[in-house]
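I opened my notebook today to look at how two chains meet and what space is left inside. Here is what I looked up, entry by entry.

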Amino acid sequence: MTIENTQSSNTANAATTKSQTTPEVETTSSPKITEEQPQLEDLAEDAIISDASETDPSPEENTTTSLMSESEAAQLLIELSDAQERAAKFSEEKKLIYEQLMRRQAEFENFRKRVERERTEVNLQAKANVVIELLPVLDNLERALESAPKGDEVLFENILTGVKLIHRQFLDVLIGLGLSPIKAMGEAFDPHIHEAVTTEANNELPENTVIAELQKGYKLGEKLLRPAMVKVSVRG
Amino acid sequence: MGKVIGIDLGTTNCCVAVMEGGVTQIIPNKEGGRTTPSVVGFTDKGERLVGQIAKRQAITNAANTVFAVKRLIGRKYNSPEVQRAKESSPYEITESANGDARVRIQTRDYSPPEVSAIILQRLKSAAEDFLGDEVDEAIITVPAYFDDFQRQATKDAGKIAGLNVQRIINEPTAAALAYGLGKRASEKVAVYDLGGGTFDISILEMNDGVFEVLSTCGDSFLGGEDFDQRIIDWLIDEFRNETNIDLRQDRLALQRLKEAAERAKCELSNTMEATINLPFISADTSGPKHLNKALSRNRFEDLVADLVERTVEPCQKALWDARLKQGDIDKVLLVGGQTRSPIVQRRVEQLFGRAPSAEINPDEVVAMGASIQGGVLLGEVKDLVLLDVIPLSLGIETRGGVFTKIIDRNATLPIKKSLVFTTVADNQSTVEVHVLQGEREIATHNRSLAKFELVGIAPAPRGVPQIEVSFEINVDGIVEVSARDKMTGLEQAMKISPSSGLSPDEIYRLIEEAKANEEADKQQKEILLLKNRLEGLLQNTQRSFSEFGWMLSVNEQESVRNTLMVAKEAMASDDIGMIKQNLAELEKIGRIITDAMFSGAAGGLGPGGGM
């Protein structure tokens with residue numbers, strides 16, 4: 001873990017310097033060439049001087065060879081400087097690519113860990129998406145039961161009991177999926193799980209106590225599906 | 001340097017994105033949301049709540065819950081914008097010693113950057129959780145019309161939150177980046193941004209990586225929430241006509257209506273009709289009442305037509321200010337959730353004579369663009385350079401209170417420019433150089449940046465002295481202004497660093513404070529975790545004690561009871577040390593009980609085994 005982290009930050013650091021210099025790549029690389037050039041020129045002079053000393057004994061033949069070698073040397077020197085320039089460019093490029101690779105590597109490691117983490121969440125999320133759509137149905141079923149009049153007819157009573165059983169069955173299915181209601185009534189108001197929609201003056205209960213639950217809140221496992229909609233006490 | 005995150009710090013909602021492997025990704029907050037409401041709540045226990053959670057407690061704590069602090073950032077208390085925000089703010093807005101707007105929370109004054117920093121800190125920590133790595137670098141977007149003060153204040157907010165703000169970029173520019181624009185030469189783009197509570201229209205011109213803002217206009221009090229309200233009002237009216245019951249008096253009913261209205265509005269973006277079904281919404285003597293309404297798209301469009309019309313004039317004005325005609329716009333981009341409504345898209349098409357682009361989620365497009373800019377800085381994105389431009393013109397006040405521009409807005413930085421001025425009176429020995437920023441002709445309508453005097457001008461008839469005023473802005477946006485009497489060579493100069501009204505010392509103090517708060521948050525989290533463990537252990541121990549307690553000696557039973565009681569009390573405290581100690585104690589007695597269980601069991605089995 002630690003190694004990975006330092007690695008990623010290291011490479012990232014290097015990347016900063018790089019990104020800052022990118023616009024000036026040409027200017028930064030050209031000084032290098034000028035630095036190397038004096039050496040090349042020295043070499044060239046040496047070559048010419050030594051050629052000249054050798055030419056002394058037999059001038060005829062050697063003039064041509066010396067001319068040849070001079071132009072050849074010049075040609076070679078140009079090639080050499082070209083090659084060096086290219087090598088410098090390649091090593092610069094290699095450095096860049098390496099840095100980018102290291103950064104990608106670190107990024108991929110973190111990504112892999114995240115995917116791992118998310119995979120467990122995806123399942124829960126899929127379930128949550130379905131259950132959350134079913135909650136209004138549950139709410140309305142409960143509203144219906146609550147507003148049912150105290151019936152005196154046996155038939156009505158029987159139907160009502162049946163609907164109550166359906167409600168119980170529906171709730172059991174949801175609980176089986178991991179649904180649990182949130183405690184609200186009489187609890188201290190907690191915005192992490194409660195949503196205050198109204199307040200009421202009340203000096204008997206401590207401030208910020210839930211004094212009415214207007215709509216039930218639910219969790220799926222540890223995940224909050226919907227906060228409980230509540231009325232909260234305030235100082236009168 | 002790790003990742004650079006892109007942050008859309010909006011008036012009503014924020015969104016964060018990051019570029020990973022060349023692809024932008026939205027970073028969800030800890031509650032799982034892809035956007036976070038820009039709301040901060042300060043509880044009397046000293047907690048700072050952010051986002052959805054802050055919103056849920058707003059009604060119980062209205063005076064200490066800050067909404068839409070973006071309307072105040074980098075502004076003076078006396079400015080019309082702040083005065084207007086004051087009217088609709090349930091929290092108190094005050095004036096600081098230097099005239100800036102402040103927010104008063106429980107007797108303490110907070111600068112708007114501090115409040116924004118609390119949001120940013122939360123976004124940063126969500127990003128760190130998501131990426132599994134530290135995040136220190138960010139790009140933050142601001143509206144195109146923000147001046148240097150507002151930009152600097154936004155930057156300071158980032159700094160206080162522990163973020164190094166690499167760039168502040170314009171929201172419309174970010175949207176254009178997200179759409180991959182800016183690579184071709186000369187494109188003119190209109191960005192139509194209808195968010196939760198504000199409307200902005202910006203006309204941009206892009207030229208080889210330089211994004212110029214040609215004009216901006218808007219309505220800072222118009223947004224999606226107004227559209228929802230129209231549906232709610234309609235439902236309430238319909239219901240009253242049918243039942244004579246006024247739902248406005250019923251908080252629960254209103255809440256249900258609000259959710260249903262928003263849902264219907266979203267549905268109507270894709271369907272021709274939405275059903276709003278709210279059984280048992282109310283009741284009277286005759287029994288329960290249900291609300292069941294079908295809202296057709298046509299009806300909805302009638303309800304909101306005037307709201308959409310209100311965006312037309314700002315658009316026409318923006319075109320006019322940019323000296324463009326309808327057909328000159330090459331591309332129209334939609335930003336903000338409300339632009340999903342077909343009526344908005346149709347009107348925009350009519351206005352600009354071109355179908356708008358809406359392929360990218362309009363709630364996320366700005367954050368995505370900001371993260372692309374982050375990718376540019378990291379070298380992940382290659383074929384794009386974004387050059388910094390000066391957002392508003394700079395100049396000085398001249399005779400008659402006229403504002404004379406010296407550097408025009410959208411000039412690419414760095415830049416240096418000068419103009420020669422002269423005296424207005426005979427033998428005038430001093431001139432005052434009043435530096436301002438803005439686009440208005442009258443100096444006082446612009447933002448004053450600095451004032452200084454050039455003294456000792458040689459006596460001369462008016463109009464003769466030649467005073468050269470030079471402006472130089474470096475790449476960091478620091479402005480240097482100098483005035484030089486060409487005859488005497490006398491010179492006076494001053495540096496104007498963009499300032500948010502907070503001094504470096506103050507910013508330093510705020511950074512330390514924010515860190516301390518982050519520490520406190522972490523501690524809070526630890527306490528919570530420990531308490532959860534304690535609660536679990538307490539329950540287990542209680543259970544096993546009630547089952548197997550009889551196996552213990554009387555003394556042991558007594559000590560277990562005591563430990564359990566003390567532990568129960570510890571549940572109510574926030575003292576880490578005490579909680580930890582109780583955890584250890586409980587573990588100890590847990591072992592005693594287990595030991596007793598085993599020895600008891602062994603003893604009980606003994607004789608049985610012997611049989």
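**Entry 1: charges across the interface**

I began with charged pairs and found two salt bridges across the interface of chain A and chain B, a salt bridge being a side-chain nitrogen of Lys or Arg within 4 Å of a carboxyl oxygen of Asp or Glu. I note that this is a predicted model, in which local features need pLDDT of at least 70, side-chain atom pairs count only at pLDDT 80 or more, and totals for chains, interfaces and linings use all residues. Residues are numbered from 1 along each chain as its sequence is written, chains are lettered from A and ligands numbered from 1 in the order in which they are written, and side-chain values use heavy atoms, with hydrogens and water left out.

I then looked up one bridge: the side chains of A:Arg114 and B:Glu20 meet with N and O 3.0 Å apart. A:Arg114 sits in helix H3 of chain A and B:Glu20 in strand E2 (residues 13-20) of chain B, so this pair joins two chains. I took helices (H or I, at least four residues) and strands (E, at least two) as DSSP runs, numbered from the N terminus.

**Entry 2: the rest of the contact**

The area buried between the two chains is about 3,000 Å², and carbon and sulfur atoms give 50% of that; buried area is the accessible area (1.4 Å probe) lost on putting two parts together, summed over both.

**Entry 3: cavities**

I found seven cavities of 30 Å³ or more. A cavity here is a set of points on a 1 Å grid over the protein atoms alone where a 1.4 Å probe fits but cannot get out, and lining residues have an atom within 4 Å of a point.

Of its 14 lining residues, B:Leu9, B:Gly10, B:Val69, B:Lys70 and B:Ser116 are the closest to the centre. Strand E11 of chain B gives the largest share of this lining, three residues.

Terms used:
On a 1 Å grid over the protein atoms alone, a cavity is a set of points where a 1.4 Å probe fits but cannot get out, and a pocket is an open set with protein on both sides within 12 Å along at least five of seven lines; lining residues have an atom within 4 Å of a point. Grid points are joined across faces, edges and corners, and a volume is the space filled by probe spheres set on the points.
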